[in-house]
Amino acid sequence: MKLKKNDTVLIIAGKDKGKTGKIVKVDREKERVVVQGANMVKKTMKKKNPQDKGGIMEIEAAIHVSNVAYVTSKGEPTRIGYKFDESGKKVRYAKKTGEVI
């Protein structure tokens, strides 16, 4: 999986198609990511202590990695590739623009 936490992504499929946001969590085993403010679902939460508020909460649910695309600094979606820089270090780069991420 080529996406990492704090990458800005565009959702390209599903009920939130067209929204952008940062990746909050990455699950490499299930190939899913949680995007901030996207794919909101309602979940019932139980009080854990007297100060907690129980009830129905809205949280972000995971999205499959194939349904998101990395967004470059210019704001256009692109795919990610790997290449080696001058010092021989493996780096990620945007395939559309060629810039190193």
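Begin by selecting I80, whose bridge partner in β10 is A94. The model is a predicted one, in which local features need pLDDT of at least 70 and side-chain atom pairs count only at pLDDT 80 or more, while totals for chains, interfaces and linings use all residues. Residues are numbered from 1 along each chain as its sequence is written, and side-chain values use heavy atoms, with hydrogens and water left out.

Strands here are DSSP runs (E, at least two residues) numbered from the N terminus, and two of them pair if DSSP finds at least two bridges between them. In the hairpin of β9 and β10, with 5 residues between the strands, look for G88, which takes a positive phi near 90°.

Next select strand β2 (residues 20-27) with strand β3 (residues 32-35), an antiparallel couple joined by 4 bridges, where I23 stands opposite V35. The hairpin they form has 4 residues between them, and E31 in the turn has a positive phi of about 55°.

Finally, show the residues lining the largest pocket, including E31 and I80. A pocket is an open set of 1 Å grid points where a 1.4 Å probe fits, with protein on both sides within 12 Å along at least five of seven lines, and lining residues have an atom within 4 Å of a point. The largest share of this lining, 3 residues, comes from strand β7 (residues 68-71).
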